[in-house]
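Please keep the sequence and the coordinates at hand while reading.

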Amino acid sequence: MKKYSVGVLGATGMVGQRFVTLLANHPWFTVTHAAASPSSAGRTYAEAIDGRWAMEDPVPSKTAGLTVLDATADLEKIAQNVDFVFSAMAMNKEATRALEENYAKLECPVISNDSAHRGTPDVPMIIPEINPQHAEVIPYFRRRMGLKRGFITVKSNCSLQSYLPALHPLWEFGLEKVLACTYQAISGAGKNFKSWPEMTDNVIPLIPGEEEKSEKEPMRIWGQIEGGVIVNASEPDITTQCIRVPVTDGHMAAVFASFAKKPSLQEVVDRWKSYSGIPQALALPSAPKQFIHYFPEPDRPQTKLDRNLENGMAVSVGRLREDTQYDIKFVSLSHNTLRGAAGGGILAAELLCAEGYMD
């Protein structure tokens, strides 16, 4: 496989730091440019994140000495010297949308962790095991923008990764109605307990904007390409509640689902155990060998025990039962900054490289 030079925009933030650590020894990708806001620009990466490093692993030596660039002011310099960028900028949506479009206009592909372009009709929102075919909308984006190589692809909201992968293998049974209550780690807000002491011994029943994303984005992921744009699916009906809980990493979901043709519990388990996607078929570097892990034990999955399965890229499910109001109910879990954020973005980039979109 070809080797790629990549940049990380927003490299000093929590998701940016996760990108940097995951890319430190990546077999295909090498971080050659780290960029952030003007306040960090001009210093080495090690200096810029001094006192702010939130990862368990130390700062990668390959990145520590890089001079941090201004993601906006140094845009042309970055775009001309990398094969593509990962975007994790902490800016308002309008500024992020414009910045990512400007990189694309310079023929630099953008793999974004931000929500700014999740509603753009010809920008795919890819979960590689679920809707890799949505990459086929990229040529339409290029045509609209007058580009040869540049494009933008986005990652879904991290909360979706805790329950959508468990629902997707059951699509053939006619998924009609879903209720999902998510219990989300504080790293999803870019925080840890040191920076957010109010979360210790506390639960906050509000994550602004999260429920709207959790209800709308699955319809886009399950949508179809029509006339060069992604048209959202009309089913199933989804309602969610999203709650912040005092956990460092890992989003858990309590899920209830009904179907046109109710599956047996064994059929559900069989679909989970046998399901795999293109990342597994291609043996992409970041892909889990087993996408969905089913636990028959009544007290699993557990956040502390199971969030790091397969380097944090697998999804765990358990407590599968019949329900009195819905057909089935279960609990599922994913690592929100690995599968849900940076790791999911890297896996999407691997898929796009393997399928020739970066060349």
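A salt bridge is counted here where a side-chain nitrogen of Lys or Arg lies within 4 Å of a carboxyl oxygen of Asp or Glu. By that criterion R271 forms a salt bridge with E172, the closest N and O atoms being 2.9 Å apart. Because R271 lies in helix α9 while E172 belongs to the loop between α7 and β7 (175-184), the pair ties together parts of the chain that are 99 residues apart in sequence. The model in which this pair is found is a predicted one.

The two partners fall into separate accessibility classes: R271, at 23% relative accessibility, counts as partly exposed, whereas E172, at 56%, counts as exposed.

## The buried face of helix α9

Helix α9, which spans residues 265-274, has V268, V269 and W272 as its buried residues. Viewed down the axis of α9, these residues fall within an arc of 95 degrees, so they line one face of the helix. What covers them includes the helix α7 (164-167) together with the strands β12 (292-295), β13 (315-322) and β14 (328-334).

## Other salt bridges

Across the whole structure, a search finds ten salt bridges. One of them joins the side chains of K93 and D114, with an N to O distance of 3.2 Å. This pair links distant parts of the chain, since K93 is in helix α5 (residues 93-105) and D114 is in the loop between β5 (110-112) and α6 (138-145), 21 residues apart. K93 counts as partly exposed because its relative accessibility is 37%, while D114, at 10%, counts as buried.

A further salt bridge is formed by the side chains of D306 and R300, which meet at 2.6 Å, N to O. In this pair both D306 and R300 are buried.

## The chain as a whole

The protein chain contains 13 helices and 14 strands. Its radius of gyration is 20 Å, close to the 21 Å that the globule rule gives for 359 residues, so the chain is as compact as a globular protein of that length. Taken along the principal axes, the C-alpha atoms fill a box of roughly 60 × 50 × 35 Å.

Buried residues make up 58% of the 359 residues, and among contacts with a separation of 6 or more, 76% are between residues 24 or more positions apart. The chain exposes about 14,800 Å², of which carbon and sulfur atoms supply 49%.

Key: Residues numbered from 1 in each chain as written. Predicted model: local features only at pLDDT ≥ 70, side-chain atom pairs only at ≥ 80, totals over all residues. Heavy atoms only, no water. Buried < 20%, exposed > 50% of the residue type's maximum accessible area, 1.4 Å probe, protein only. Helix = DSSP H or I, 4+ residues; strand = E, 2+ residues; numbered from the N terminus. Arc of directions from axis to C-beta. Contact = heavy atoms within 4.5 Å. Rg over C-alpha atoms; globule rule 2.2 N^0.38 Å. Areas by Shrake-Rupley, 256 points an atom, 1.4 Å probe, with all protein chains shown as cover.
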